[in-house]
Every structure is written in C-alpha cells, then in structure tokens.
Amino acid sequence: MTTPVAPALPTPATGGSREAPVRRRRARPSPSERRERNAALRFISPWIVGFVVFTAWPILYSAYLSLTDYDVINDPTFVGLDNYREMAQDPKVALSLWNTLVYTVVQVPLYTVVALALALLLNQAARSAGFFRTAFFIPKMTPPVAVGVLLLLLFNGQYGIVNEVLSWVGIQGPSWTTDQDWIKPGLVLISLWTVGSAVIILLAALRNVPNDLYDAARVDGAGFWRRTRAVTVPMISGALFFVVVINTIAGFQMFTEAYSAYFGAGNSTYRNDAALFCVIYLFQEGFQELHMGYASALAWLLFVVIMLVTVVQLVVSRRLVYYEGEQR
Amino acid sequence: MVVAALALTGCAQGTGDEGADVDFSADGSPSGERSVMGFGTGDEIGEVRYDRATQDLEGVDVRLAEGELDIQAFLSAVASGNPPDLVYANRDQIGTFASRDAILPLDECVDAEGVDLDAFVDTAVEQVTFDGSVYGIPEFNQVQVTMANADLLSAAGLTVDDVNGSDRDAVTAANEALMRTAGGTLSVIGFDSKLPEFLPLWAKAAGADLLSEDGRTAQLDAPEVVEALEWAVGIYDAQGGFPAVKTYRDSADFFGAGNQFATGVLGAMPMEQWYINVLNESSPDAPMAFDAVRTPGGDAIAFASGSAWAVPRGSENPAAACRFARLMTETDAWVQAAQARADARAQDGLVFTGVLTGNEEADEQIRADLVPDDAPQPWQDAIDAMYEANDATFALPANPADNEFETAWQDAVNRVLNGQQEPADALAQAQDEAQQALDDAWARWDEED
C-alpha cells in the first residue's frame, strides 16, 4: 500500500523569505452562536452531571481509597502505598491475573473467529438471513447469571450434554466444572453462547464491502478463501479490531458467569482457584472481606493492565487495520 | 462494575460516634415508619410471628427489605447515616458487624425488654456475644443429622451406626461397601463427608476446635484437624476424587422427588435438619434412616448456625427495633408459628417434624405440645435425631475477623479437594492467614476500645 503525500499548503511569500504562518485570531462568536452553544450545553448537562457524579468522581475517589485502609463503615485511614506493596506479595493477585490473562488470550481469538465464521455464513444466506440473525442474537439476551448456571448444566462432567455429545464420537469428556485444567476452557466455550452481538457487527461490516472488489478478485481467479483473506478481512478489519478490543476488555473484566457458576449460592463454600479472575478477587476483597481500600488498589491495577493492553492493540492496529476512506 | 461499586462507596463518611448513647427503654408508643433489612415472611413460621409483632407495635409501619442481607448495602447505609432500624443477619456475621461499630450492643435492650437470654440455646447466645456484650437476639438453630438410604445400608449388611461418624474406620469401610461405579463412572456415592462446610464438625468430633474460646487464636493446624481433613478427603478419594463426587452430586434433583436418597444413588451423608422436611415432602416413601452425627464416644454433636436480629448504629428508633426483635423471638411467638405449621402439614397429610428456634423454652414447648412422639418411621427417628443434635451443639465464637477466618479454612479445604495441596500444608497456610487476619482485626478493636 502506497502512502500518499499530503499536498503542500500554500504559504504566503513576503520578500522571498519564509515566515511562520500567522495565527488568525478566532472571531468572537456571534450572539446566535453563543445561544446555540449554551443550548447544546443545557441539553447535554444531564449527561455531564451523571458522568461527573457516577463516573469521574468515583474514579478519582477510588484512587484516593486505594491509598487507604477502608472497611466501608469507618473513616478511611491513609496508608500510603501499603495496599500496592501488599498486592505485590499476595499470591492471589498473581493467580487471578494469570487466570484472567489465560482466559482472555484463549477466548478473544476463538470468539472472534467463530463470530467471523458465522457472519460469513450469514452473509451468504439470502431469504433466511433475517431469521438467523435473530436466532444468533437471542442468546445474547440471556442474563449472564443464567449463562453461569447453564454452564454447570451443559458441562456437568457426568450428565452434561457436552460430554454426552462427545461420547457419541468415542470421546470421554473431562470434568469441565471441577477439574482445575478444564474450568477455564469451559468458561471460554460458554462465552460463545453470546457470540451473536459480534456476529451482527461483523455482518454489518461485511455488507459494506464493495462487490466490485470481489468481482475483480474473481476475475483474477481468487477462490473463496483467497477472497476472504485478501478482500474481506482487510475491508472489515476496522470492525474486527473493534470486536477484538471490546472483547479483550470484557475478557479482563470477566465476572458474572464465573462467579455465578463457581462462587455463587450453589457453591457458597466450595471454590475453585482456576476460576478466580481479577474482578472476582476484587469483589471478594471489597464486598465480602470489606477491604475496600485494597479492592480499590486492585481495581487500579486492573485498569492499568487493560490500558496497557489496549494501547498495544491500538499501536498494532495502525499496521493491520484499514478504515474505508483512509489515506496512508 | 468497578465504577458502580465505587459509586456506592464514594459518599461513605464513616460512622463516627453517631448513636453512641442509645436509649432502649424509651417510653410511649412507638410510631412512624420502621425499616427491616434481610428478613422475609417466606413461610408460616415467619408470617405468623411477623403479623403478631406488627400488631403489638400498633402505630408503627414496618417496611421489609426482603431477601438475604446484602452486607455491602447494609454497611453503606450505616456509613451514610441512613441505616435500617433493624437487620436480620447470619449469626456468624455479628462479630464482624460489632467490631466495626455497625451494630449496637443490646445489653440494655435485653434488660429493657426483659429478654431472658437463659431461655436461648447457649451456643446461639455465644455466637452473638462479642467482647462481653450481646449484639444480637438469636433465632433458629441449624444442626446436622446423619441421613442414610436404609435399603443400600441393608443390602451392604450395614446399619446407620456404621455411617453416623462414631467410628471413622467404620464410615470408611461403609463408604467402600456402598459406593458403585458403572463403566468407570460413579453411579452410587457411598458416603458424602460434605466438605468443605463440615470440617468444623469432623474436627470437633475428634476433639478439636478451629478457633480458641476467646476467638483470638486460630487452631487450624492442630493434629486433630489435619487428621479430620485427611479422613474426610480420603472418603472422596476412594470414590475417584472430589470432582467425581461433586459432579455427580450437582446433577441430582436435590429438592425434588428425584433426590439422591429417593433414587438410591447416595448411601449416607450428614445434612442440616431442614432437609428432613424436604425429604418428607418430596419423597415420603424414600427408604431413609436417621441418626445424630456422633463422636467416637457415641455422643451426639452438631455445628450450630442460625440468624439473629441486630440494631444498626444510627437506627432512628432503637427502642421499637428492640421490641420488634423481642416480639419475634419470644416463646409465645414461636409456639403460635409452630402451631400454624403443624396445622398446615396436617392438612397436607405430612408429619410435623418440629422447628428449632434457638429458644430452648420454645423448643421444649413445641416438642411437647405439637411434635408427634409416635410419628411413622423413619420420621420419628429423624425427629429424635434432630432434637438430640440440638442439645449437643457447638459453634465458633464471635470474632472481628469472622469472614476472613472462614475464608482461610475453606480455601485450605478447597485446595486439598482440588488436588493443589496436602492437608497438612493447606492447613498450615490457612493457620498463618487466619491468625494474621485475627491479629489485625483484634488489634484494631483493642486500639479503638
């Protein structure tokens, strides 16, 4: 791909020497512009208030709480960086980070590939596309707690449907819900239950790929796979990137399904460390052990991890993602 | 998630000294709106007592926030100065709430309302007594009873005495005799030692307490505790490991007619007494055998748990809250509620198996007046076992690190069950974690005191 050169802006020439462009003073807004701006501010002010009260202030306050010993009920006591030092020595922090990382690294690619495959299939469908779009999206409406319960039913090592199906082809399925090695794979697989939303996003992107590109590829003798690799994927790379980023963040914030399956009412005493994800540990520390200062520090650790990963993804995306109309 | 959580805590300012001087003996008729958190009138036992209490508190509009107590919501409400007037909590939460100044000592309430604490089950009172003061009015008592499938026992040449815990070797042998596998998969669970939750029971049966009497010293690495855990885990190992047993257990219809006993897929297990009613209702013809859980000496033993009423710091009308708690837990209230249940069960043609109220006086009266002493077997044995267990309970003392302590020993058991650690190592780690939590929490309390 060639990188187009931006046309040079004409610079005023005075006496043959180049001078710095003169910064033009912004014209004073007219009364009608001011009225328009004030009206806009009034319209968005509910959102601004909501953002400040329910997002910005709690974020700032949590940064302060992460430097305190706070049990929810008594006044926070400033402890400096003690919570962060404690985190460095807490084996559960390392474990929960590791579990979260493994889950995300396995789940995001699988989820994206499955979503893309289903979107490609749907894109081929003609009359029945509307029905299948709805059918794929409906599971997304399932409450996450129900998905956690569903996991225990479908993946029961002894009587679950998954192992039943595996047994038809001579495979003895594992103890998905109790074996340390199979708990995260089970959670990854059940996450595909909600793949419908990504399918819809990718399908919308697929519908926007110009047909003449496919026609040109066909003329050049490209088969389905070649067209998918050389035309489809680059043309929907923006949507794919969106799915990957959103899903990566969701992966790092994995909570409800794992908690309801392995830490909820049905497992009030039995717990399995293999399902201890970052947000679950944060929740336990904050809302069960009432170590809200420590939980706030954990939240900031998770925030930094997610931010770093997202920045890396953004940097990598500059080389891999193409946006329609973009000039490089 | 994080943002929402912090939004809830964002406005918290701490309790300070608010409500330090509380008058539980306020005269006059209480009035206005009073809120209760954590209690629901789910059945006749709750409904009758609630109706009775609200009638007595004429002029007070009692509002219930039903469902299990949400600790975070409760503490946030206290911290923000807008607490409910009364909370209904698990007794093992009382120490934590008391140590954080979230609830008020009720010694004056007990005096003002004439609550006779001697009438309550001793262990229940111990659970709500923190650093010498009573912080809750207890109610209900949950105890464990040995439940077994009589047909499976009989086919293996065993009796319920072989699985009641009095002889560990006998239980181990019975487990192997009762269990079955089909095609390499467990098809009958021989004995379910109910880990992690019943470790305190097995440890106490061997003579060890997980926590010292004053609630300050963890005793999780005592040899008796290690041996108890090794034995209880060994029961699972003989059946292919805990994952196999749990997987099979999870697939059962626990509350329905297809429960493990009715379908003959479980030999025996200790279980809380409320399950007797479940079995009696859902599978009255199941071939059951019952006994108390027993020590090597043959004595009954049970790990008690239950609920308690507590008055939050900052309650607008602690006197009315105190009276409500007294009205809900007094003997007459329990007897009336038990009568309603006995009538309902008689109407349904079911056996009334009794109610364990946490109030000894009420228990005795209900048993004498309402519980049959000639119920058809095996239900009479169930009733006898339940009351015998109720007379032989123990409990962990209230302490300021209730939850951390529980997490430490339960995590240890889970690490063993999941094959991550050996019992001795897991309990040694738990001992360090629990003692650290206790030391920190007691230090804070002692400093504030």
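How much area do domain 1 of chain B and domain 2 of chain B bury between them, and what share of it is on carbon and sulfur atoms? The answer is about 970 Å², with 41% of it on carbon and sulfur atoms. Please keep in mind as we go that this is a predicted model.

Let's see where that area comes from. On the side of domain 1 of chain B, S99(B), F130(B) and Q142(B) lose the most area to domain 2 of chain B, and together they account for 47% of what that side buries.

Now step back to the two domains themselves. The domain assignment builds each of them from two stretches of chain B: domain 1 takes 18-142 + 306-338, while domain 2 takes 144-303 + 400-448. Their C-alpha centres are 32 Å apart. Where they meet, 14 residues of domain 1 of chain B are in contact with 14 residues of domain 2 of chain B.

What holds for polar interactions here? The rule finds 4 residue pairs in polar contact across this interface, counting pairs with both residues at pLDDT 80 or more. For salt bridges between domain 1 of chain B and domain 2 of chain B, the count is 0.

Finally, look at the side of domain 1 of chain B that touches domain 2 of chain B. Both α4 (94-99) and β6 (137-142) of chain B supply at least two residues to that side, and α4(B) gives the most, with 5 residues. By residue class, this side of domain 1 of chain B divides into 4 nonpolar, 6 polar and 4 charged residues.

Note on methods: Residues numbered from 1 in each chain as written. Chains lettered and ligands numbered in written order. Predicted model: local features only at pLDDT ≥ 70, side-chain atom pairs only at ≥ 80, totals over all residues. Heavy atoms only, no water. Domains from an automatic or database assignment. Contact = heavy atoms within 4.5 Å. Buried area = accessible area lost by both parts, 1.4 Å probe. Salt bridge = Lys/Arg side-chain N within 4 Å of Asp/Glu carboxyl O. Polar contact = N/O pair within 3.5 Å; in protein donor to acceptor, adjacent residues only side chain to side chain. Helix = DSSP H or I, 4+ residues; strand = E, 2+ residues; numbered from the N terminus. Nonpolar A, V, L, I, M, F, W, Y, C, P; charged D, E, K, R; others polar.
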